[in-house]
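This report goes through selected features of the structure shown below.

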Amino acid sequence: MRKIRVLVAKVGLDGHDRGAKVIARAFRDAGMEVIYTGIRQTPEQVVAAAIQEDVDVVGLSSLSGGHELLFPRVAKLVKEQMGDQVLVIGGGVIPEDEIPALKEAGIAAVFGPGTSLKEIIDFVHTHVNRAS
Amino acid sequence: MVKKDNLQAVAEAKNKWETGTLQKTIGKYPERHSDFMTVSGSPVERLYTPQDIEELDYLEDLGFPGEYPYTRGVQPTMYRGRLWTMRQYAGFGTAVESNQRYKYLLSQGQTGLSVAFDLPTQIGYDSDHPMAEGEVGKVGVAVSSLGDMEVLFDEIPLGKVSTSMTINASAAVLLCMYMAVAEKQGVPWKDLRGTIQNDVLKEYSARGTYIFPPSPSMRLITDIFAFCSKEVPRWNTISISGYHIREAGSTAAQEIAFTLADGIAYVEAALKAGLHVDDFGPRLSFFFASHNDVLEEIAKFRATRRLWARIMKERFGAKNPRSMKVRFHTQTCGHTLTAQQPLNNIVRVTLQALAAVLGGTQSLHTNSYDEALGLPTEEAVRIALRTQQIIGYESNVAETIDPLAGSYYIESMTNRLEKEAADYIRKIDDLGGAVKAIEQGYIQREIQDSAYRYQQEIESGRRTIIGVNKFQVEEKSRSKIMKVDPAVGQSQAQRLKQLRKERDNREVKRCLAELRRGARTDENLIPPIYRAVKAYATLGEICDVLRDVFGEYRPTEIV
């Protein structure tokens with residue numbers, strides 16, 4: 001069976017990548033193939049990388065407030081260019097009342113501060129399997 | 001520290017205690033863990049005694065406040081003379097909104113300003129640049145030109161306040177804007193007090209707002225050193241920062257080491273540029289984090305002071321005592337704030353702030369309890385400021401200097417941290433210095449390893465975070481969150497459009513061409529940047545000229 005492939009991406013200008021790097025390593029330790037984009041990626045760059053790497057999951061991170069505009073833009077481009085099969089999830093400092101709009105826009109789950117790595121990994125396992 | 005025969009007696013008595021009194025208790029009631037550790041993961045012994053500081057020489061290693069090696073503090077009277085500067089980092093939205101917040105903070109007894117700029121400003125993009133979309137005014141105030149800066153400091157007397165600006169890659173431009181506002185207010189540059197962060201090396205290793213490659217970045221930094229030592233002599237030209245290194249996940253020893261290794265690189269660059277160590281040494285300042293482990297943090301601050309003093313004196317031959325002093329700002333650790341049961345964060349911040357004060361900080365930012373949820377509300381900011389005021393005015397910890405000195409644990413940990421940091425610095429020297437160590441990814445990897453270990457300790461329950469992996473409760477959703485008006489981006493774009501129409505564009509063009517010529521030589525770039533700023537050339541236009549000449553930094557990502 002093919003390993004789950006995950007792109008971990010920092011969108012916008014935010015440089016806080018501790019969480020993104022920790023989760024990237026946790027995905028890898030959980031047996032997934034992980035690609036990390038590095039910081040300061042545009043939605044277009046993220047989606048191009050997702051296509052090139054043929055990933056099952058795009059994990060977005062932003063702690064600067066850029067999620068509001070940029071997460072939905074990635075979700076839209078992923079859907080247009082990769083279809084519904086690819087799971088888009090996000091994390092960072094994201095006010096609770098903004099989560100419904102992000103889900104509406106196609107972000108399957110939003111993980112805030114204090115979320116355990118296990119919870120995120122379990123979510124990916126459950127939802128990627130369901131999609132394929 | 002202790003007489004030899006006494007030490008022998010202590011050793012024997014301790015042995016007797018361990019095999020007697022202690023054994024009996026441990027047999028019946030085992031300890032909570034088989035081994036104990038600090039927040040940084042270093043072992044913590046059950047008990048510290050004179051044996052653990054056997055080698056400590058009071059006069060050599062501790063000395064007196066205001067005297068080498070400054071272990072006990074950089075000022076002779078410390079907080080008996082004046083409390084630390086209470087300096088809350090703030091800024092959001094437009095210059096108008098931030099100006100109002102600064103005036104509010106000053107009216108509440110805050111004693112210095114600390115400006116947060118938004119990410120486009122920090123990365124040298126105007127608010128209307130495509131890369132700025134979605135980020136304008138979010139994590140700080142948007143400043144694209146001198147026009148914005150004039151509004152930001154409107155009615156704030158620059159000769160009276162000290163202002164810290166968290167600005168790095170674009171620091172030269174923002175400093176010039178500040179100088180231009182001062183000139184307009186009729187305040188001589190020699191009266192300006194404050195700090196620019198201007199520490200680009202930690203941007204590569206931990207924080208991310210770099211623009212140019214290391215070599216031209218170092219040149220901009222040394223240009224600022226040289227210019228300010230003559231023209232703005234009371235300005236702290238750099239704040240060499242461990243804060244972001246710690247926030248990115250490092251241990252306490254790594255925080256000391258990677259910060260001081262960056263410091264060494266700046267000193268070497270300035271020496272290479274022909275400056276004398278005692279011309280710029282006194283204007284170097286530092287910035288550290290304060291984490292949850294109160295005692296480890298206190299030891300960290302003390303160890304840092306001693307190690308840097310020794311480096312400046314022994315390695316660089318500094319003669320002026322001011323060049324040897326670590327004067328530092330502290331901020332409580334943002335990543336320790338929990339979104340769960342957020343009011344608990346007030347207690348965390350109190351402990352972290354207490355550690356900073358007991359560690360001898362010169363200024364302090366206390367985080368607001370709601371920062372894991374979003375931007376801080378005004379109420380939360382006020383409580384954070386009050387936390388410092390209660391420590392300063394009510395707790396009485398500021399009445400004597402370095403009160404924890406002489407504690408067997410604190411002194412042995414101070415020794416250990418100094419040694420561990422010195423070992424790291426030797427390793428970085430072997431790699432060719434901080435710039436090379438960053439280019440090779442060594443520092444980033446060390447930080448990442450520590451961050452991952454810390455997270456795994458939380459996952460496994462080895463490390464307890466109240467409300468996160470222990471003592472959780474069901475919580476109602478939290479309503480009060482501060483929001484930035486999403487129209488900020490548009491209003492900034494509008495302002496820029498108008499600016500570009502109204503200014504003397506021929507003069508702007510001439511200034512930018514002059515800057516381009518200067519950037520290609522090795523002349524000091526601050527004067528041409530200042531002239532461009534005065535002509536209302538925008539931040540983006542100035543940085544674009546420099547991008548053209550210097551190129552942009554492209555990191556290699558290692559995970």
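## Helix α12 against helix α15 in chain B

Helices α12(B) and α15(B) cross in a right-handed sense. The model is a predicted one. Helix α12 of chain B covers residues 294-315 and helix α15 of chain B covers residues 408-431; their axes come within 8 Å and cross at roughly 55 degrees.

On the α12(B) side, the contact is made by B:Leu295, B:Glu296, B:Ile298, B:Ala299, B:Lys300, B:Arg302, B:Ala303, B:Arg306 and B:Leu307. They meet B:Tyr409, B:Ile410, B:Met413, B:Thr414, B:Leu417, B:Glu418, B:Ala421 and B:Ala422 in α15(B). By class, the residues of this contact of α12(B) with α15(B) are 11 nonpolar, 1 polar and 5 charged.

## Helix α10 against helix α15 in chain B

Helix α10 of chain B, residues 252-272, also packs on α15(B), at an angle of about 45 degrees and with the axes 8 Å apart. The two helices α10(B) and α15(B) are therefore oblique to each other, and the crossing is right-handed.

From α10(B), the residues B:Ala252, B:Ala253, B:Gln254, B:Ile256, B:Ala257, B:Leu260 and B:Ala261 take part. Their partners in α15(B) are B:Leu417, B:Glu420, B:Ala421, B:Tyr424, B:Ile425 and B:Ile428. The contact of α10(B) with α15(B) divides into 11 nonpolar residues, 1 polar and 1 charged.

## Helix α1 of chain A

Helix α1 of chain A runs over residues 18-29, which is 12 residues. From its first C-alpha to its last it reaches 17 Å, close to the 16 Å expected at 1.5 Å a residue. After α1(A) comes A:Gly31, with a positive phi near 95 degrees.

The helix α1(A) is mostly covered, with 10 of its 12 residues buried. These are A:Arg18, A:Gly19, A:Ala20, A:Lys21, A:Val22, A:Ile23, A:Ala24, A:Arg25, A:Ala26 and A:Phe27.

## Contact between chains A and B

Chain A puts 28 residues into the contact and chain B puts in 33. On the side of chain A that touches chain B, the elements giving two or more residues are α1, α3 (67-82) and α5 (117-131) of chain A. Of these, α1(A) gives the most, with 5 residues. The chain A side divides into 11 nonpolar, 9 polar and 8 charged residues.

## Two residues of chain A

A:Pro113 is in the loop between β5 (109-111) and α5 of chain A. It has 19 C-beta neighbours inside 10 Å and counts as partly exposed. Apart from neighbours within four places in sequence, A:Pro113 is in contact with A:Val93 and with B:Thr338, B:Ala339 and B:Ala372. The C-alpha atoms of A:Pro113 and A:Pro100 are separated by 17 Å, the two residues being 13 residues apart along the chain.

A:Ile35 belongs to strand β2 of chain A, residues 33-36. A:Ile35 is partly exposed, with 17 other C-beta atoms within 10 Å. Not counting residues up to four places away in sequence, A:Ile35 touches A:Leu7, A:Ala49 and A:Glu53. A:Ile35 and A:Val8 are 27 residues apart in sequence, and 6.1 Å apart in space from C-alpha to C-alpha.

Notes: Residues are numbered from 1 along each chain as its sequence is written. Chains are lettered from A and ligands numbered from 1 in the order in which they are written. This is a predicted model: local features need pLDDT of at least 70, side-chain atom pairs count only at pLDDT 80 or more; totals for chains, interfaces and linings use all residues. Axes are lines fitted to C-alpha atoms, for helices over the stretch in contact, and angles run from 0 to 180 degrees between N-to-C directions. Helices (H or I, at least four residues) and strands (E, at least two) are DSSP runs, numbered from the N terminus. A crossing is left-handed if the near helix is turned anticlockwise from the far one by less than a right angle, and right-handed if clockwise. Two residues are in contact if their C-beta atoms, placed from the backbone, lie within 7 Å. Ala, Val, Leu, Ile, Met, Phe, Trp, Tyr, Cys and Pro count as nonpolar, Asp, Glu, Lys and Arg as charged, and the others, Gly among them, as polar. The expected span of a helix is 1.5 Å times one less than its number of residues. A residue is buried if 20 or more other C-beta atoms lie within 10 Å of its own, exposed if 12 or fewer, and partly exposed in between; C-beta atoms are placed from the backbone. Angles under 35 degrees count as roughly parallel, over 145 as roughly antiparallel, 65 to 115 as roughly perpendicular and the rest as oblique.
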